[in-house]
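The sequence and structure come first.

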Amino acid sequence: MAELLDQFDRTILEIMQRDCQMKAEAIGEMVGLSASAVQRRIKRMREERIISAEIALVDRKVAGSPMTFIVGMEIERENYDALSKFRAWVEKQDHIQQVYYVTGSVDLVAIITAQDVEQYDEITAQIMSQNPQIKRMHTNVVLKDIKTGMFVPISP
């Protein structure tokens with residue numbers, strides 16, 4: 001997809017990742033294009049799913065889920081459809097913010113938010129009871145956020 005992006009597109013994406021509410025006129029002034037040219041480019045990148053979503057990032061503490069847990073999960077190796085079953089289930093779980101299929105000592109790594117340890121315990125009980133293909137979970141409690149973000153560097 002990077003070959004589909006010219007320098008204007010790359011710059012527009014960098015600007016939008018920092019502030020997706022910035023007006024096309026302001027972006028155009030920054031990149032040297034008209035507002036309508038910026039709008040056309042943004043529309044094309046949305047249609048091609050280069051821009052996959054534009055969301056509001058909410059402060060977890062204000063929202064009532066101040067704790068973050070990084071969880072490694074082991075799945076049954078013999079169960080070939082375990083990953084697809086888990087993927088379908090996890091899509092509906094709002095407290096499970098991100099899941100990665102990884103190499104190493106665990107198969108999946110999840111980022112989970114919760115109000116407190118008790119709520120996290122309820123979430124893990126639900127994970128284990130509704131996903132018998134998960135054999136084991138290893139939990140790390142985040143003590144302090146050092147850096148969080150979803151910014152994707154745009155290759156030249």
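H1 passes H2 in a right-handed crossing; a crossing is right-handed if the near helix is turned clockwise from the far one by less than a right angle, and left-handed if anticlockwise. Helices (H or I, at least four residues) and strands (E, at least two) are DSSP runs, numbered from the N terminus. This is a predicted model, in which local features need pLDDT of at least 70, side-chain atom pairs count only at pLDDT 80 or more, and totals for chains, interfaces and linings use all residues. Residues are numbered from 1 along each chain as its sequence is written, and side-chain values use heavy atoms, with hydrogens and water left out.

The packing of the helices is listed below. Axes are lines fitted to C-alpha atoms, for helices over the stretch in contact, and angles run from 0 to 180 degrees between N-to-C directions.

| Helix pair | Angle | Distance between axes |
|---|---|---|
| H1 and H2 | about 130° | 10 Å |
| H2 and H3 | about 100° | 8 Å |
| H1 and H3 | about 80° | 11 Å |

Angles under 35 degrees count as roughly parallel, over 145 as roughly antiparallel, 65 to 115 as roughly perpendicular and the rest as oblique. H1 and H2 pack at an angle of about 130°, which makes H1 oblique to H2. On the H1 side, this contact (heavy atoms within 4.5 Å) is made by Phe 8, Thr 11, Ile 12, Ile 15 and Met 16, and on the H2 side by Ile 27, Met 30 and Val 31.

H2 and H3 are roughly perpendicular to each other. Here Ala 24, Glu 25, Ile 27, Gly 28 and Val 31 of H2 meet Ala 35, Val 38, Gln 39 and Ile 42 of H3. H1 and H3 pack at an angle of about 80°, so H1 is roughly perpendicular to H3. H1 contributes Phe 8, Asp 9, Ile 12, Leu 13 and Met 16 to this contact, while H3 contributes Val 38, Arg 41, Ile 42, Arg 44, Met 45 and Arg 46.

### Each helix in turn

The expected span of a helix is 1.5 Å times one less than its number of residues. Residues of H1 that are buried (under 20% relative accessible area, with exposed over 50% and partly exposed in between, for a 1.4 Å probe and protein chains only) are Asp 9, Arg 10, Ile 12, Leu 13, Ile 15 and Met 16. Their cover includes H2 and H3.

In H2, the buried residues are Ala 24, Ile 27, Gly 28 and Val 31. They fall within an arc of 100° seen down the axis, so they line one face of H2; the arc is that of the directions from the helix axis to the C-beta atoms. An α-helix has 3.6 residues a turn, so residues three or four places apart point the same way. The buried residues of H2 pack against H1 and H3, whereas Glu 29 and Met 30 are exposed on the other side of H2.

H3 covers residues 35–47, and its 13 residues reach 18 Å from first C-alpha to last, close to the 18 Å expected. Ala 37, Val 38, Arg 41, Ile 42 and Met 45 are buried in H3. These residues cover an arc of only 135° around the axis, which puts them on the same side of H3. Helix H1 (7–18) and helix H2 (24–31) are among what covers them. Arg 40, Lys 43 and Glu 47 are exposed on the face of H3 turned away from its buried side.

### Residues in the loops

Ser 34 is in the loop between H2 and H3 and, at 39% relative accessibility, counts as partly exposed.

Arg 49 lies in the loop between H3 and H4. Its phi is positive, about 60°, although Arg 49 is not a glycine. Most residues other than glycine have a negative phi. Arg 49 is exposed, with a relative accessible area of 53%.

Ser 65 sits in the loop between helix H4 (60–63) and strand E1 (67–75). Ser 65 is buried at 13% relative accessible area. Leaving out residues up to four places away in sequence, Ser 65 touches Arg 60, His 95, Thr 113, Ala 114 and Gln 115.
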